[in-house]
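Dear colleague,

Here is the structure that you are taking over, with its sequence, so that you can look at both while you read.

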Amino acid sequence: MFHVECRGRGKPFKEAASGTQFERMKGMGAMKPLATVASAIHPSATMSLNNLYNEMKASGIDVIGFTCGEPDFPTPDNINMAAIRAITQHQTKYTPAGGTAELKRAVCKRLQEDMGVSYQPNQIVVTSGAKHCLYVALQTLVNDGDEVILPAPYWVSYLELIQMVGGVPVVLHASEAENFKLTPEKLEAAITPKTKCLILNNPSNPTGMVYTKEELQALAEVCVRHDLYILSDEIYYKLVYGDVTFTSVAALGQKVYDHTILVNGVSKSYAMTGWRIGYLAGPANIMKICSSYLSHSTGNPCSISQAASLEALAGPQDTVESMRQEFERRRDYMVKAMNEIKGISCLKPQGAFYVMMNISRLVGKTICGTVIHNADDFADVFLKEGLVCVVPCTSFGDDMFLRWSYATSMDDIVEGVKRLKAMVEGC
């Protein structure tokens with residue numbers, strides 16, 4: 001008999017089978033089933049579509065893509081040079097699992113200057129991208145069977161991440177008439193004894209909507225009253241337009257601050273998607289557990305990327321504003337042109353770089369020989385006949401909308417909307 005001591009998610013270990021039993025099972029040629037949770041994971045719809053777009057493009061097809069949430073600008077030169085210096089200075093060794101002290105201090109300073117929220121370095125954890133932040137935070141917060149409230153439309157990975165850690169997603173739909181925003185009444189009605197936290201994405205992917213300070217305060221009061229964690233993804237906070245003002249939920253008072261874990265990173269605002277650096281900010285005891293989790297899973301984020309991110313956060317911020325202004329120009333054109341097409345409409349997004357296109361008035365109509373029942377049908381015919389790739393929001397929780405990213409050139413935006421008009425009004 002052999003014994004293995006193990007622990008898993010708080011469950012007691014069971015004594016292993018005897019060596020004889022194990023060998024007999026092997027001899028039968030039986031393959032043990034794969035993990036149920038892992039087998040149920042769906043691939044990212046946005047990444048899958050972007051891969052398809054790239055394949056078509058590589059094949060010489062004149063296709064235009066609006067799928068990927070990735071700025072089309074290059075990483076600013078000062079950030080690139082910081083990475084080169086890190087390499088030449090041999091900063092290529094392990095760092096602390098939760099990030100370097102210098103980068104944590106830079107995160108604290110940036111959060112204070114931009115959001116008015118005060119954190120200490122022991123309240124910061126740096127990870128391999130904001131998506132990784134979400135996964136680590138959920139692993140830290142959620143036990144098997146805990147409920148996580150998720151407003152819809154939602155970014156596609158939220159649902160999968162909740163299920164990957166054994167949580168139960170409770171999806172609350174926010175309609176276009178509600179500006180795609182969760183109300184405190186809906187939140188209150190959905191809370192049960194099993195509810196553990198609310199995921200809040202502000203500014204939102206895919207809707208581009210931004211919660212006002214008053215709207216956030218109303219939601220936060222419900223969370224505090226029920227002792228819920230707020231997992232607030234604020235990765236697009238620098239990309240807001242017009243007279244819209246961004247408010248971090250962590251800035252709404254001490255009680256809210258104590259219940260909040262912020263998710264952020266350098267990918268969107270600094271055009272650094274490939275560098276893979278995100279960061280968490282929250283209560284020190286929670287961050288300590290997140291760091292321990294990292295120490296046994298990924299270890300530290302790339303040391304070179306951390307050096308580049310330090311420059312991004314601590315260095316000049318003028319390139320961020322230049323990108324923001326260009327995104328706003330593109331947004332204004334896309335929204336105006338899209339709303340001039342018969343059967344198509346969209347709200348004007350307040351932040352991020354996405355437009356939610358409403359195709360509900362086209363349901364039941366035939367376009368290029370295809371009857372449109374939902375966003376999947378429209379996306380399919382638009383790609384095949386219009387040679388334009390956009391994301392159906394079925395996997396975002398609403399099958400009457402398609403997401404367009406305006407993190408692409410103005411030339412592509414003009415041509416893409418032109419092809420949309422030709423297909424919708426010409427078929």
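By class, the residues that line the largest cavity divide into twelve nonpolar, four polar and one charged. Please keep in mind throughout that this is a predicted model.

**The cavity**

The count of cavities of 30 Å³ or more comes to one, and the volume of the largest cavity is about 140 Å³. Its lining is made up of 17 residues, of which Pro-151, Pro-153, Asn-201, Ser-204 and Tyr-211 are the closest to the centre. Two elements, strand 3 (147-152) and strand 5 (195-201), each give two or more residues to this lining.

**Two cis peptide bonds**

Pro-153, which is one of the residues closest to the centre of the largest cavity, is also joined to Ala-152 by a cis peptide bond, with omega at about 5 degrees. If you want to find Pro-153 in the view, look in the loop between strand 3 and helix 7. A cis peptide bond also runs from Asn-202 to Pro-203, where omega is near -10 degrees, and Pro-203 belongs to the loop between strand 5 and helix 9.

Between the C-alpha atoms of Leu-216 and Thr-183, which are 33 residues apart along the chain, the separation is 9.4 Å.

The largest pocket holds about 510 Å³ of space. There are 23 residues in its lining, and those closest to its centre are Gly-69, Lys-131, Trp-155, Lys-268 and Arg-276. Helix 3 (45-58), helix 6 and helix 7 are the elements that give two or more residues to the lining of this pocket, and helix 6 gives the most, with three residues. By class, the lining of the largest pocket has nine nonpolar, eight polar and six charged residues.

**Helices 6 and 7**

Two packed helices are described by the angle between their axes and by the distance between the axes. For helix 6 (residues 130-141) and helix 7 (residues 156-164), the angle is about 35 degrees and the axes are 9 Å apart, and the crossing of helix 6 with helix 7 is right-handed. From helix 6, the residues in contact are Lys-131, Leu-134, Tyr-135 and Leu-138, and from helix 7 they are Ser-157, Tyr-158, Leu-161, Ile-162 and Met-164. Of the residues in this contact, seven are nonpolar, one is polar and one is charged. Lys-131, listed here in the contact of the two helices, is also one of the residues closest to the centre of the largest pocket.

**Two residues with positive phi**

Arg-276, another of the residues closest to the centre of the largest pocket, has a positive phi of about 60 degrees, although this residue is not a glycine. Arg-276 sits in the loop between strand 7 (260-265) and strand 8 (278-281), and is counted as partly exposed because its relative accessible area is 34%. His-90, which is not a glycine either, has a positive phi of about 65 degrees. The loop that holds His-90 runs between helix 4 (77-88) and helix 5 (101-115), and His-90 is classed as exposed because its relative accessibility is 62%.

With best wishes

Technical notes
Residues are numbered from 1 along each chain as its sequence is written. This is a predicted model: local features need pLDDT of at least 70, side-chain atom pairs count only at pLDDT 80 or more; totals for chains, interfaces and linings use all residues. Side-chain values use heavy atoms; hydrogens and water are left out. Axes are lines fitted to C-alpha atoms, for helices over the stretch in contact, and angles run from 0 to 180 degrees between N-to-C directions. Helices (H or I, at least four residues) and strands (E, at least two) are DSSP runs, numbered from the N terminus. A crossing is left-handed if the near helix is turned anticlockwise from the far one by less than a right angle, and right-handed if clockwise. Contact means heavy atoms within 4.5 Å. Ala, Val, Leu, Ile, Met, Phe, Trp, Tyr, Cys and Pro count as nonpolar, Asp, Glu, Lys and Arg as charged, and the others, Gly among them, as polar. On a 1 Å grid over the protein atoms alone, a cavity is a set of points where a 1.4 Å probe fits but cannot get out, and a pocket is an open set with protein on both sides within 12 Å along at least five of seven lines; lining residues have an atom within 4 Å of a point. Grid points are joined across faces, edges and corners, and a volume is the space filled by probe spheres set on the points. Buried means under 20% relative accessible area, exposed over 50%, partly exposed in between (1.4 Å probe, protein chains only).
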